[in-house]
Amino acid sequence: MAGTPQLKLPQEEGTDALLRVSGLKRTFGRGAAATTVLQGVDLSIKAGKLIALKGRSGSGKTTLLNLLAALDLPTEGSVRFDGQALNELSDKARGEVRRRRMGLIFQSFALFPLMSAYENVEFAMRIAGVPASGRKDAAEQALDFVGLKPRMHHRPFEMSGGEQQRTAIARAIAHKPKLLLADEPTAELDSRTGLHILSVLRGLVKEAGMTVIMTTHDPAIMEVVDEVYELEDGIIVQAAKL
């Protein structure tokens, strides 16, 4: 990351949790075919932390991430983001919270193939409702933060996997969300590139003041995060502050 990032969020007073999860349950299906993936999860996360959710496939970590992102609703319990109960909002209101105050990164880079890195980031800001007057500078700042400003006019097929993932991160942070949620952000990358992505995520917390929560199988992530929560069979079986 070259230069001083321009993504720092306003600092707020207080120690209340940015995210508070209470008695969270998620069941899919009904009757004899019902499967309970989360079984009463309680979680409290303060702002400005880098958090890892770990666990084997089927442990419930991706389901939990989807609930934190307001992409899904709990069967029981609540998710409060910045003091607001997401499960009590309408679909439209949850979508607004997600677009304007959260950033999402997926395992697949999910970039538009015919758009340049800059166009991918700028288009996402349009969807987030960022005024046209601020989109150009914000897109360039986000791409600069992840070290891609020199290649911002390249399209995905002209980029390496690591560059595509950094573009996806720039797209997710350009509107300066409070919360960044990432599903296995290093899963498709080699170890060296994965470490580069981790340094970018660490920088978002340290230099821009964001809160980052990611699911992972990657043991290297455990060395850079602030807290680790391990899920097993739908419950948190271990929590560690590093």
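**Entry 1. The annotated domain**

I looked up the annotation first: the UniProt record, an unreviewed entry, assigns "domain: ABC transporter" to residues 19-242. I note that UniProt positions are given here in the numbering used for this structure, that feature names are shortened, and that annotations may be inferred rather than shown by experiment. Over residues 19-242 I find 33% helix and 28% strand, with the end C-alpha atoms 19 Å apart. Helices (H or I, at least four residues) and strands (E, at least two) are DSSP runs, numbered from the N terminus.

I record that the model is predicted, so local features need pLDDT of at least 70 and side-chain atom pairs count only at pLDDT 80 or more, while totals for chains, interfaces and linings use all residues. Residues are numbered from 1 along each chain as its sequence is written, and side-chain values use heavy atoms, with hydrogens and water left out.

**Entry 2. The chain as a whole**

I find six helices and 10 strands in the chain. Its radius of gyration is 18 Å, close to the 18 Å that the globule rule gives for 242 residues, so the chain is as compact as a globular protein of that length. The radius is taken over C-alpha atoms, and the rule is 2.2 Å times the number of residues to the power 0.38. Along its principal axes the C-alpha trace spans about 55 × 40 × 35 Å.

I then looked up burial, where buried means under 20% relative accessible area, exposed over 50%, and partly exposed in between (1.4 Å probe, protein chains only). Of the 242 residues, 48% count as buried. The accessible surface of the chain comes to about 11,700 Å², and carbon and sulfur atoms hold 48% of that surface. These areas come from the Shrake-Rupley method with a 1.4 Å probe; for residues, only the protein chains shown count as cover.

For contacts (heavy atoms within 4.5 Å), I considered pairs with a separation of 6 or more: residues 24 or more positions apart account for 70% of them.

I also looked up the charges, counting Lys and Arg as positive and Asp and Glu as negative, without His and the chain ends. Each charge is placed at NZ of Lys, CZ of Arg, CG of Asp or CD of Glu. The mean positions of the 31 positive and 29 negative charges are 4 Å apart.

I turned to helix H1, residues 61-68, where six of the eight residues are buried, so H1 is largely enclosed by the rest of the structure. The buried residues are Lys61, Thr63, Leu64, Leu65, Leu67 and Leu68.

Just after H1, Ala70 takes a positive phi of about 60 degrees. Ala70 lies in the loop between H1 and strand E4 (76-81), and its 5% relative accessibility makes it buried.

**Entry 3. Lys176**

I found a positive phi near 60 degrees at Lys176 too, a residue other than glycine. Lys176 sits in the loop between H5 and E7. With a relative accessible area of 35%, Lys176 is partly exposed.

**Entry 4. Thr186**

I located Thr186 in the loop between strand E7 (179-183) and helix H6 (191-206). Its relative accessibility is 6%, and Thr186 therefore counts as buried. Not counting residues up to four places away in sequence, Thr186 touches Gly194, Ile197, Leu198, Asp218 and Ile221.

**Entry 5. Arg155**

I found Arg155 in the loop between helix H4 (132-145) and helix H5 (161-173). Arg155 is partly exposed, at a relative accessible area of 31%. Beyond its neighbours within four places in sequence, Arg155 contacts Pro113, Leu114, Met115 and Ser116. From Arg155 to Thr36, 119 residues apart in sequence, the C-alpha to C-alpha distance is 41 Å.

**Entry 6. Asp42 and Glu88**

I looked up two exposed residues, Asp42 and Glu88. Asp42 belongs to strand E2 (residues 35-45) and has a relative accessibility of 53%. Setting aside neighbours within four places in sequence, I list Val21, Ser22, Gly23 and Ile236 as the contacts of Asp42. Asp42 and Ile236 are 194 residues apart along the chain, yet 8.1 Å separates their C-alpha atoms.

Glu88 lies in the loop between strand E5 (84-85) and helix H2 (91-101), and its relative accessibility is 65%. The C-alpha atoms of Glu88 and Leu73, 15 residues apart along the chain, are separated by 9.4 Å.
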